[in-house]
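Hi,

Here is the structure I promised to pass on.

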Amino acid sequence: MTRKQIKRTKLGVIVGNRGFFPGHLCESGRTEILRVLEEEGIDAVILDVADTKYGAVMTLDDAKACGNLFKVNRDQIDGILVTLPNFGDEKAIANTIRYSGLDVPVLVHAFNDDMTKMGIQDRRDSFCGKMSVCNNLKQYGIPFTLTALHTVDPSSDSFRRDLRSFAGTCRVVKSLRHARLGSIGARPASFNTVRYSEKLLERSGITIETLDLSEVFGRANKRKESDPAVKRKLEEIAAYVDVKGFPQENLFRMASLGVVVEEWMNENDLAGTALQCWTSMEEYFGIVPCTIMSMLSSSLIPSACEVDITGLVGMYALQQASGRPSALLDWNNNYGADPDKGVVFHCSNLPKEVFEEIHMDYHEILSGTVGRENTLGTIQGRIKASPFTYCGITTDDLNGGIAAYTGEGLFTRDPLLTFGGYGVVQVPKFQKLLRYICENGFEHHVSSSMSSVADSLEEALGKYMGWKTYRHEAEI
């Protein structure tokens, strides 16, 4: 299974200029910004220095030239970086974005002044100019993102963190606005919690394609062990997890399922799936799909259990923000009497990257009802200690919108002995978060990523996707 690649982010770059401020700062500032972008692995679409004075925008004609350049490259541009080496012309900057016709995230950056160079030849006044630019963007109805510091050296760690976070925001927004996701099977009858509105997701650009489990079983049952695709999938499974001692017939079914799901995804250009993982799968096909789902998520093709489509959207958003595999978990248990700790769990289909170590096993919960021999395929182990970002997304059908929450915490090393895929989490003011989840009707599932990208998600989901987004923010 080929691992998906997260594409390099490409930004349209606008260098601001105002005629009676030092122009040479635009020239040097442009060079410095491009150097930092390159060092951070971010590509740039920017006016040539010969196109306008210093390759900056100052006049209406400059705005048209830069806007047209962005328009020509609109399919490649993920976001816009506005940088102010001097005060800048706020109208020209706002007009550039309007002429471009782009609806992408915008980051506004301003250079620091040097306190030893405050004479007329070197004074920037970007501190003040940034306010004017933001004022105009607000008037034009153009949403924008700010750097952590009002003015900041482009070479600093602070600005580099801003860039990485903004690049994550851009990837999330671009991906969600054109997402195609697969729903395989019906939700488990007992799980009203994973109901969702396809129409509300479609309004945000997220298309859901469906496939009935009967079609999956029918296609898989036609496969033979001599099928090259099945043989290749068997090899991939054996390379992913130790399969020694398990029945070959079960592994063959598992491989056949994997081939059918991947072929259907490729035919429909799908980025991820949510799958009916119990109990039809076990009763009528004789395996659990967890290993195949784990392998997909590990390859940056997120796969959510229990047909949790909004959970899948959260996994996909986290993956795009971080460039790392994401997982779907249950907020599952208290951890003793500590109000800021809890146990997260699934049976599980988590990607192997999140575990200390893994092993394949039979499904402990379902074995007693559908027969142990029909439940091979869970990927079990303890989640390793790490910072993590969590995300919950739901379609708020009653109010006609989409809602989300996000925040950060820690997977800890606290002792715990249980089964499935599990870990202990520490979330600051956890009880407040749990109250918010319950009072606002979110699912018991939570999407997670071993990364620190809540800033990217908050901006992407709230500011640019327009979803009602709660950021759970507290000190660890």
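Let me start with a helix on the sheet: α7 (residues 213-221) lies across β6 and β7 and runs at about 60° to β7. Helices here are DSSP runs of H or I with at least four residues, strands are runs of E with at least two, and both are numbered from the N terminus. Contact means heavy atoms within 4.5 Å, while axes are lines fitted to C-alpha atoms (for helices over the stretch in contact), with angles from 0 to 180 degrees between N-to-C directions. Helix α9 (residues 248-267) also packs on the sheet, touching β6, β7 and β8, and its direction makes about 145° with that of β6.

Before you go further: this is a predicted model, where local features need pLDDT of at least 70 and side-chain atom pairs count only at pLDDT 80 or more, but totals for chains, interfaces and linings use all residues. Residues are numbered from 1 along each chain as its sequence is written, and side-chain values use heavy atoms, with hydrogens and water left out.

Now the sheet. It is open, with 4 strands in the order β7-β6-β8-β9 and parallel pairing (two strands pair if DSSP finds at least two bridges between them). β7 (207-211) and β9 (303-305) are the edge strands, each pairing on one side only. From one strand to the next the twist averages 20°. In the parallel pair of β6 (residues 180-184) and β8 (residues 272-275) there are 4 bridges, and Ile-184 stands opposite Leu-275 in β8.

Ser-183 is another β6 residue. Its relative accessibility is 5%, so Ser-183 counts as buried (under 20% relative accessible area; exposed is over 50%, partly exposed in between, with a 1.4 Å probe and protein chains only).

Because 15 of the 20 residues of α5 are buried, the helix is largely enclosed by the rest of the structure.

Last, the largest pocket has a volume of about 1000 Å³. Among its 38 lining residues, Lys-4, Gln-5, Lys-7, Ala-271 and Tyr-316 are the closest to the centre. α9 gives the most to this lining, with 6 residues. (A pocket is an open set of points on a 1 Å grid over the protein atoms alone where a 1.4 Å probe fits, with protein on both sides within 12 Å along at least five of seven lines; lining residues have an atom within 4 Å of a point. Volume is the space filled by probe spheres set on the points, which are joined across faces, edges and corners.)

Cheers
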